[in-house]
Amino acid sequence: MTRMRAAIVGTGDVARLHAEAIAARNDAEVVVAVDVDVDADRAAAFAAKYGIPLSATSLPDTDLDVVHLCTPPAGHAVQAEEAFARGAHVVVEKPPALSLADVDRMVSAAEAAGRQLAVVFQQRTGSAAAHVKRLLDDGALGRPLVARCDTFWFRDDGYFAAPWRGTWASEGGGTTLGHGIHQLDLLAYLLAYLLGDVDEVRGQAWRVARDIETEDVSTAVLRFESGVVATAMTSAVSPRQASSIRIDTELATVELEHLYGHGHGNWRITPRPGQDAPAGWAFPEAETPSGHDAYIDAVYPALASGGLLPSVAAAPARSMEIVAAIYASSERDAAVRLSEVRESAPLRGPMSAHVRDERSR
């Protein structure tokens with residue numbers, strides 16, 4: 001069997017998850033680790049730790065099937081274009097870029113090269129999310145009515161000491177883009193088939209504790225095309241950390257609470273009063289947790305066969321559009337339609353928002 005040859009670009013914390021996920025497969029191998037900060041020693045140490053035969057400070061002139069971008073988002077668009085020009089597929093960490101225009105560039109480069117762009121939103125994966133999505137798509141839970149989506153994380157001042165964090169120019173946004181996007185993406189993924197995409201957003205960005213340029217808290221109301229309304233709150237200042245989604249349908253409440261990954265035990269489906277849960281609502285016995293392993297397992301067969309990406313890797317710009325709408329709404333102090341975000345050149349450019357500073361109160 002021919003093994004796919006992969007490169008990992010960027011050797012920070014998240015690169016470990018990619019290296020471990022690929023190492024667990026028998027149809028792929030990482031052949032080079034690249035440190036784009038031109039730190040040859042760090043690249044060599046990463047390669048040695050994960051049994052990667054080559055390390056470098058730029059992509060070497062060697063055949064590659066897949067390039068994994070585990071770098072800060074400011075470099076993703078250029079790095080992806082380089083990888084596509086070499087004939088490789090790209091698997092990129094979220095956020096895929098600093099702007100929707102850059103995501104469009106990446107998609108266009110992939111199409112021109114006949115390659116695939118897969119953005120890592122690993123919260124979509126796992127047998128529990130797949131089960132809930134099937135129930136929602138099939139109408140087994142009735143029509144969704146209202147939802148909420150919360151990301152309460154904690155990042156101290158040391159986290160923002162990295163020079164590229166906390167600024168619009170280098171990080172592209174604050175906790176909404178960097179953290180809340182995971183749960184926003186999962187909510188939109190679960191509901192998109194039945195309800196269509198998010199149609200309108202009213203959002204606000206807040207700075208309540210951290211000395212940064214971007215927000216450390218955001219709030220939003222999302223209206224789906226079907227009329228379903230969802231609230232979303234994202235925080236980087238919450239000591240008891242939790243990520244959660246709640247969807248109330250005609251027949252049940254679906255709830256998820258976890259932190260950075262979920263399994264069956266993190267989900268709960270509660271039937272409406274006076275109704276027992278049908279047997280079909282029960283989660284399957286075989287369990288696959290969410291995570292990079294499940295994401296790579298879903299994506300790599302499609303890359304190898306040249307087929308379409310699975311749904312866990314589809315719609316690479318959907319959650320970026322939601323975040324852009326939250327920021328635009330905060331900037332304008334008015335609701336923003338997603339159609340405007342998709343079609344407006346200014347809104348597809350670098351993200352920014354009016355951030356309400358509450359630290360002095």
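A cavity is a set of grid points where a 1.4 Å probe fits but cannot get out. In this predicted model, a search of the whole structure finds 2 cavities of 30 Å³ or more. The legends below take up these cavities, the pockets and several individual residues.

**View 1. The largest cavity and its lining.**
The largest cavity holds about 40 Å³ of space. Its lining is formed by Ala188, Ala192, Gly196, Asp197, Val198, Phe224, Arg318, Glu321, Ile322, Leu338 and Arg342. At least two lining residues come from each of H7, H9 and helix H10 (338-343). Helix H9 contributes the most to this lining, with 3 residues. Sorted by class, the lining of the largest cavity comprises 6 nonpolar, 1 polar and 4 charged residues.

**View 2. The second largest cavity and its lining.**
A volume of about 40 Å³ is found for the second largest cavity. The residues that line this cavity are Tyr159, Phe160, Glu171, Gly174, Thr175, Gly178 and His179. Helix H7 gives the most to the lining, with 3 residues. By class, the lining of the second largest cavity divides into 2 nonpolar, 4 polar and 1 charged.

Helix H9 spans residues 318-332 and has 15 residues. From the first C-alpha to the last, H9 reaches 21 Å, close to the 21 Å expected at 1.5 Å a residue. Most of the helix is covered, with 13 of its 15 residues buried. Asp333 follows H9 and has a positive phi, near 55°. The helix also supplies 3 residues to the lining of the largest cavity.

**View 3. The largest pocket.**
About 1,000 Å³ of space lies in the largest pocket. The lining of this pocket consists of 36 residues, and those nearest its centre are Asp13, Val14, Tyr159, Trp164 and Arg165. Two elements give two or more residues to the lining, namely helix H1 (13-23) and helix H7 (175-195). The lining of the largest pocket contains 13 nonpolar, 13 polar and 10 charged residues.

**View 5**
The largest share, 4 residues, comes from E11. In terms of class, the lining of the second largest pocket has 5 nonpolar, 3 polar and 5 charged residues.

**View 4. Thr219 in strand E9.**
Thr219 is placed in strand E9, which covers residues 217-224. Because its relative accessibility is 25%, Thr219 counts as partly exposed. The side chain of Thr219 forms a polar contact with the side chain of Trp206, at 3.3 Å. Beyond its neighbours within four places in sequence, Thr219 is in contact with Arg202, Gly203, Gln204, Trp206, Ala232, Met233 and Ile326. Thr219 and Ser330 lie 111 residues apart in sequence, and their C-alpha atoms are 9.4 Å apart in space.

**View 5. Ser235 in strand E10.**
Ser235 belongs to strand E10, residues 229-235. With a relative accessible area of 3%, Ser235 is buried, since buried means under 20% relative accessible area. A polar contact of 2.8 Å joins the side chain of Ser235 to the side chain of Ser238. Not counting residues up to four places away in sequence, Ser235 touches Thr151, Phe152, Trp153, Thr175, Asp216 and Val217.

**View 6. His131 in helix H5.**
His131 is found in helix H5, which runs over residues 127-138. This residue is buried, with a relative accessible area of 7%. Apart from residues up to four places away in sequence, His131 touches Gly280, Trp281, Ala282, Phe283 and Pro284. His131 and Gly307 are 176 residues apart along the chain, and a distance of 23 Å separates their C-alpha atoms.

Terms used. Residues are numbered from 1 along each chain as its sequence is written. This is a predicted model: local features need pLDDT of at least 70, side-chain atom pairs count only at pLDDT 80 or more; totals for chains, interfaces and linings use all residues. Side-chain values use heavy atoms; hydrogens and water are left out. The expected span of a helix is 1.5 Å times one less than its number of residues. Buried means under 20% relative accessible area, exposed over 50%, partly exposed in between (1.4 Å probe, protein chains only). Contact means heavy atoms within 4.5 Å. A polar contact is a pair of N or O atoms within 3.5 Å; within protein, one must be able to donate a hydrogen and the other to accept it, and residues adjacent in sequence count only if both atoms are side-chain atoms. On a 1 Å grid over the protein atoms alone, a cavity is a set of points where a 1.4 Å probe fits but cannot get out, and a pocket is an open set with protein on both sides within 12 Å along at least five of seven lines; lining residues have an atom within 4 Å of a point. Grid points are joined across faces, edges and corners, and a volume is the space filled by probe spheres set on the points. Ala, Val, Leu, Ile, Met, Phe, Trp, Tyr, Cys and Pro count as nonpolar, Asp, Glu, Lys and Arg as charged, and the others, Gly among them, as polar.
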